[in-house]
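Student: Hi, could we go through this model together?
Tutor: Happy to, let's take a look.
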Amino acid sequence: MTFVLTLAKYLFTLFLIVGLLFSSGVFSVLLYAKVTGKDIFLESPAAATVLAEAANGMNGSAPEVKEPVKPKPPSAMIDAPAVKQLPELPPGCEIVSLTMLLNFYGVNKSKMELVDEMVKDPTPAKWQKGAIVYWGNPYSGYVGDVTGKSRGFGIYHTGLFPTLQANVPTAVDLTGSEFDAIERQIADGKPVIVWTTIDFAIPKKWVTWDTPIGPIETTFMEHAVLLVGYDEQHVYVNDPLSGKKAHKLNKEQFLATWDAMGKQALSYR
C-alpha cells in the first residue's frame with residue numbers, strides 16, 4: 001500500500017513538472033512573438049494551414065470553391081432571322097437589329113411595332129454654318145427621325161436597353177466587355193447587338209455637337225448589326241442595311257470598328 005502511494009506521488013509530481021514545462025514553453029513563444037512582432041505560427045506554412053482550417057471549422061463554412069471556366073469552342077454560329085431596315089427605316093439599324101434578336105428569342109414583334117416602343121430623344125437639331133451644333137443624345141434615346149422623312153441619326157446601348165429589357169427580363173448590357181465574353185454569348189446560343197460602322201472601317205470623320213446632357217463626339221457612319229457567329233479569323237453578322245444573313249467579316253477589322261464605337265453590346269442571359 002505504501003509503495004502504491006509513493007508511486008502515485010511520483011507520477012503526480014512528474015505530470016505536474018511536464019505541465020509546467022509545457023505552459024512555460026507556450027508562454028515563452030507568445031512572449032517572443034509579442035516582443036519581436038513575429039508570429040512564428042504563421043511563419044510556418046503547415047501551421048498557417050492548420051489555423052486556417054480551424055478558423056473555417058469555427059465559422060461553420062468551407063473554403064469557397066470556384067467553378068472551372070468552361071472551354072470556349074473555336075467557332076460557333078446562330079441561325080437568327082435576317083430583317084432589313086429598308087425601305088421603312090433608312091437610319092433604323094439599331095431597332096432592326098433588336099427586332100432580329102427578339103424574333104430569335106421568341107418575341108413575335110415587327111420592326112415597326114418596336115419603333116413605337118423605342119425610347120426617343122425629341123431634341124430638335126440646331127444648325128450653324130452648315131453643321132449641327134445642338135441635337136439629341138443617342139445615349140438617352142433615338143436622335144432624329146428614324147423613318148428618314150427628316151434627318152435621322154441613331155441610338156446607343158443605354159437608349160436601346162429599356163426596349164430590350166421590356167421584352168426580355170434577362171436582358172444584359174455587355175458594353176465594355178472583352179470580346180471573349182461576347183463570343184461566349186454566341187457559343188451559348190445568344191446573339192448580340194453590336195455597334196460598328198456602315199462600311200466596317202474605322203471612321204475618318206467625327207462630329208461633335210452639344211446635347212441636353214452634354215456634348216457628344218460621334219460619326220454619321222455609326223451602325224449596328226446582330227452578331228451571330230465567330231471563328232478564329234472572322235465574325236458573322238446579320239446586317240440590317242444590306243439584309244445579308246451571317247455576313248462574314250474579318251475579325252481584326254471588325255474589332256477595330258467595335259472598339260472605336262465604344263465596345264457597345266446588348267444581349268440576354
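Tutor: First a term: buried means under 20% relative accessible area, exposed over 50%, and partly exposed in between, with a 1.4 Å probe and protein chains only. This is a predicted model, where local features need pLDDT of at least 70, side-chain atom pairs count only at pLDDT 80 or more, and totals for chains, interfaces and linings use all residues. Residues are numbered from 1 along each chain as its sequence is written, and side-chain values use heavy atoms, leaving out hydrogens and water.
Student: OK, what share of the 269 residues is buried?
Tutor: Buried residues make up 38% of them.
Student: And how many helices and strands are there?
Tutor: Eight helices and 14 strands, taken as DSSP runs numbered from the N terminus (helices H or I, at least four residues; strands E, at least two).
Student: Switching to the backbone, which peptide bond is cis?
Tutor: The one from Leu86 to Pro87, with omega near 5°. Pro87 sits in the loop between β1 (76–77) and α4 (93–105).
Student: What about phi at Phe200?
Tutor: Phi is near 55° there, positive in a residue other than glycine. Most residues other than glycine have a negative phi, and most peptide bonds are trans.
Student: Is Phe200 buried or exposed?
Tutor: Phe200 counts as buried, at 9% relative accessibility. Its loop runs between β8 (192–197) and β9 (207–209).
Student: Then where is Ala246?
Tutor: Ala246 is in the loop between β12 (234–238) and β13 (247–250). Ala246 has a positive phi of about 50° and is partly exposed, with a relative accessible area of 29%.
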